[in-house]
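Take a look at the structure below.

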Protein chains: 2
Amino acid sequence: MKINQKCINTARILSAEMINRANSGHTGVALGAAPILYALFKDHYNFYSSKYINRDRFVLSAGHASALYYSCLHLFGFDVSMEDLKNFRKLGSKTPGHPEYDVTDGVETSTGPLGQGVANAVGLALAQKTLAERFNVQKFNIIDNYTYCFVGDGCLMEGVAQEACSFAGNLKLNKLILLYDCNQITIDGKLNVANTESVKGKFKAMGWNVITVSNGNSYLCITKAISRAKKSKNKPTIIIFKTQIGYGSVYAGSNEIHGKALTDEELAKLRQNLGVEGGFKVDEDVKEYCYRAHRRAKVEYFKWEKQVVLYKNTHPDLCQQFFDYFNRPKLNLQKLCKGKFTENMAMRDANHVVINQVAKNLVSFMGGTADVAPSTKVYIDDGGDFSSSNYRGRNIHYGVREHAMAAISNGISLYANSSVFCSTFLSFSNYALPAIRMSALMNLPVMYIFTHDSIIVGEDGPTHQPVEQLTQLRAIPNLTVYRPADTNELMAVYSLAYENKKPSAFIIAKQALPEIPTSFEGATCGAYVLAEDEKPEVIMFASGSEVGLAMKAKETLNKDGISAVIVSVPSIEVFERQPEKFKKSILKHEIKNRFCIEASNDYKWLNVFGGKLFGVTSFGASGKGKDVLKFMNYEPKDLVKFIKNSLKNE
Amino acid sequence: MKINQKCINTARILSAEMINRANSGHTGVALGAAPILYALFKDHYNFYSSKYINRDRFVLSAGHASALYYSCLHLFGFDVSMEDLKNFRKLGSKTPGHPEYDVTDGVETSTGPLGQGVANAVGLALAQKTLAERFNVQKFNIIDNYTYCFVGDGCLMEGVAQEACSFAGNLKLNKLILLYDCNQITIDGKLNVANTESVKGKFKAMGWNVITVSNGNSYLCITKAISRAKKSKNKPTIIIFKTQIGYGSVYAGSNEIHGKALTDEELAKLRQNLGVEGGFKVDEDVKEYCYRAHRRAKVEYFKWEKQVVLYKNTHPDLCQQFFDYFNRPKLNLQKLCKGKFTENMAMRDANHVVINQVAKNLVSFMGGTADVAPSTKVYIDDGGDFSSSNYRGRNIHYGVREHAMAAISNGISLYANSSVFCSTFLSFSNYALPAIRMSALMNLPVMYIFTHDSIIVGEDGPTHQPVEQLTQLRAIPNLTVYRPADTNELMAVYSLAYENKKPSAFIIAKQALPEIPTSFEGATCGAYVLAEDEKPEVIMFASGSEVGLAMKAKETLNKDGISAVIVSVPSIEVFERQPEKFKKSILKHEIKNRFCIEASNDYKWLNVFGGKLFGVTSFGASGKGKDVLKFMNYEPKDLVKFIKNSLKNE
């Protein structure tokens, strides 16, 4: 057996043994696709250190191929030991069921939900382009890494992947290479029960370079194809590798092997078929041969380091800018925005002011919208449009592709752990939810800006009027949701998100909001007392546009001799993180008549603040915003009635 | 001006006037696409009555073209009056901002969120195929309608549309015709800022018939192209109409006109350019000419009625089956499932038993999974697989396309208001959420079956372990969520959903659940007392697998002398609909120590039942199910501790 083949079969056996030991995992893809990952790691993938910014990025979009992936990480010198392989899928191990960001050396992004990884890879490749455009000069290719992404039939069927690939073709991301494990088998059986499209034709139509490797089991054919793909000048590449699922096992070519662990007997038979002894052992010649790739990558890295020293000497200013790109300067938004808000300004316009100030100070800040920039007003004014002829542009036009927008944002953010924004209407946030979940799972500093934030959207009707979306967002662990009531709170919540560097969602009204005596400092605590009568009978907690509603209701209540406190709550999550003593001072548990006011159906309010929710629990209607509010009984008089009825029943 | 042109321009002016009057709406597409809708309605669309099962289906996927759509409905004899047109986008009108199902005569589905309509159309076309296959015989084409769908650039960029179109090509749905308004303009500007793919190439690769009409402004070219499309033998057709957005207005060809109302002056100029007087008036010759199409459709309908009479005489059995198809027999699941559950049966297997009994009794019941049938066990055993060579099959293989699966299910359900199921893991329900929202908005009897229902999923890790998904589903208005604790409750909740004929989500454990003394009758009330000590100190409300958890905790508490009540809650929504008196008897407000137990972060529990939530509020981890429960502190002993701590602090 030739050494390459021996290495490949070693990876196969390691994977099958891991899955057998865990009695859980996906043997089919590990056996079928081992030659692909091996050839990539052996001859192409430059990975020396995860701190090396110009390293190649590899995304295992078909996350269920994790056993194979970990086997390769082990063989190629990553910090994944044989013990780690033995602990595959065990609690607390470095080798969880699907690859997890920040858990395993080498893993660039968490994958598992199909299609997400493809879009992450597109984001990583986009980020590479923008850095290359800004900092490469003459012979200094400081940033010129490739992004490789391993995908299966499943990934490519997902809409999010289709959106992302269409987008990538338009942008001519030529350093993006998809490695498509085309085994024509899915969980349900042969792929043609669900899919017969020509992947080749589709990708060509989307402006991609397509290479087909009919023998996806041949190391040599694979490595040559990757070499060709790397030469693509103005198109991303997909290499279609025809492979056999479960290669070498008794289940070769069958869907049965997809999510199955081999029995001890079947495993013994596999070892025999592949001519590898196994037993979680790797022969010395295999170790040595694979380690060469690690040395190759190391040499590449040191070459790069030397280049940077030269770059610093010959282009000191540019080099400084390059270093600065990864910094995060202090930001005083109150100072920066001073005088920039106009009277009675729509909140989306005020939001536009704020993000432009962030952009001015944070050079790496970029992002875009799903074809609604003129509506959400989320746009960096002097940032230029990102396009295949302007990779320096900071405004990305995602097209009507909300899901890919979010998943690509994850990828951009992952490249250099940078803040990225993206935007659409709140009502359509649900299109992006699976990718928002991934931002949250990885704790990435992606800023989701959702405008048109309640039933007041009006004429566009119930399809465009969010009701449950706030609940759906707040339910995602790790995601901080902000719903500011005016420009003061807006600046405060952006300051928080900027400092947190964690995933955040900004819920922004389309319209202007009434002037209220808000507090920047108060808002940074998530909740604060906005107005307070002496000996209050009633306490109202409200967010966003409903703070104004509560204030109006209070006027009426006061006239009727009912005293009240109003607490503005720009962020429930931020409030929850405050010290108990502070929280107590805001919660004022001594007031028995408690009301939470938000045009949503989020019962989380009651858990945090108690009382009754004055919310919106059914779908909206088409009509002028104010007519809709009236129709839905959501005017100040309705709130007054709600409160008075409650007082009566006490 | 020729009469056809006059009719088209009349539709244009009506639309522009409606939008001008409402000062809200989308003038661009109305002016650009008027010839397309006109040609369709005039020469092809068979629509006589919305009760006519074999009527053609028309879906306005680009829902923002509503003004044009309503204008055509008015001109072609639907129940949409001139007064209705004048009330465009007004609260309570028949002409809301985007088309709404059940509001306007002729409207087959609610649209607005882009891409949904395309997938609905695929579902409608699929339903047509299954009925045709079952009931057409020899010369009797009882069901042979076409499905037309109007789409714009935006719809086609959406992943859900791409998924649906790939699926439709595979199934050779030749009676599906997409009318693509290709104006190359989006909200953000020229389409090429976001998209340069070859739609033609892509659709060809997906197995579609592609027709390009370079003059999409010519009635004659349009109607000829539709005639050609109708002849397609084994492929769905997309007709690419090259059009000009805002045709005839001062903004022709510009993105500015997309979502804009013309001013009075601009409108006057448009009237002049198009040679139509306007003023919400339609000339007699136009009225008469358009009415001919109504008569054409009426003639077609009476032909069909006659055919059915003959069919009844010649094929009485088949005809009876045809009529029965639309009936909904009474269903006694307890009787039907008797003896079919085995001991210690996994809940997903029990679910398989139940849906098979439903399928046996409800002939129209069909559905499928997103490539996880072997895992979710959602499969009709003797139903056959739906494919281009077996349109009789009742099991649909959607491929890994969760979003399209849900949106297509809406379409299938819409065809004859029938019950449809679809299924994936609960964790991936978020991929389908925008379409689930549409099921709920339209109140369609789609049954979402989500298995693998909590962190106990185990080794696959946090990406596959639902946490927030239950909250996200329960937040959707009109959707009833069921989470049964055993086979008894499973039968009960399916009985409820079957009778309700409204959208429902079944949350099904992957594993077997412990035996508990559940009640079928109790479960049909949404919540009921499962176990009750004398003088209880503690009350626990729980759902699904957590009912067993509560029972175990109760044992320990009892040993320690603490008495308790356990209420099983298979559906919060169903419980909420019960009479106040019944609710009071279950809520037992007199018990002060209240606990809600569910492996989710849904605070809705507290709003309904009060107390404290013993839930899961952070992402899970990869490891064996029981190890994950231990790691997350979610074992019986943790619940006991949680309760005891709470009692101590009282």
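Lys583(B) is buried, because its relative accessible area is 13% (buried means under 20%, exposed over 50%, partly exposed in between, with a 1.4 Å probe and protein chains only). Its partner in a salt bridge is Glu580(B), with the closest N and O atoms 3.4 Å apart. A salt bridge here is a side-chain nitrogen of Lys or Arg within 4 Å of a carboxyl oxygen of Asp or Glu. Glu580(B) is exposed, at 59% relative accessibility. Both residues sit in helix 23 (residues 580-587) of chain B, 3 residues apart, about one turn of the helix. Helices (H or I, at least four residues) and strands (E, at least two) are DSSP runs, numbered from the N terminus.

This is a predicted model, in which local features need pLDDT of at least 70, side-chain atom pairs count only at pLDDT 80 or more, and totals for chains, interfaces and linings use all residues. Residues are numbered from 1 along each chain as its sequence is written, chains are lettered from A and ligands numbered from 1 in the order written, and side-chain values use heavy atoms, without hydrogens and water.

Over all chains, the salt bridges number 62. One of them joins Asp533(A) and Lys554(A) at 2.9 Å, N to O. This pair links distant parts of the chain, 21 residues apart: Asp533(A) is in the loop between strand 14 (528-532) and strand 15 (538-542) of chain A, and Lys554(A) is in helix 21 (residues 545-559) of chain A. Both Asp533(A) and Lys554(A) are buried.
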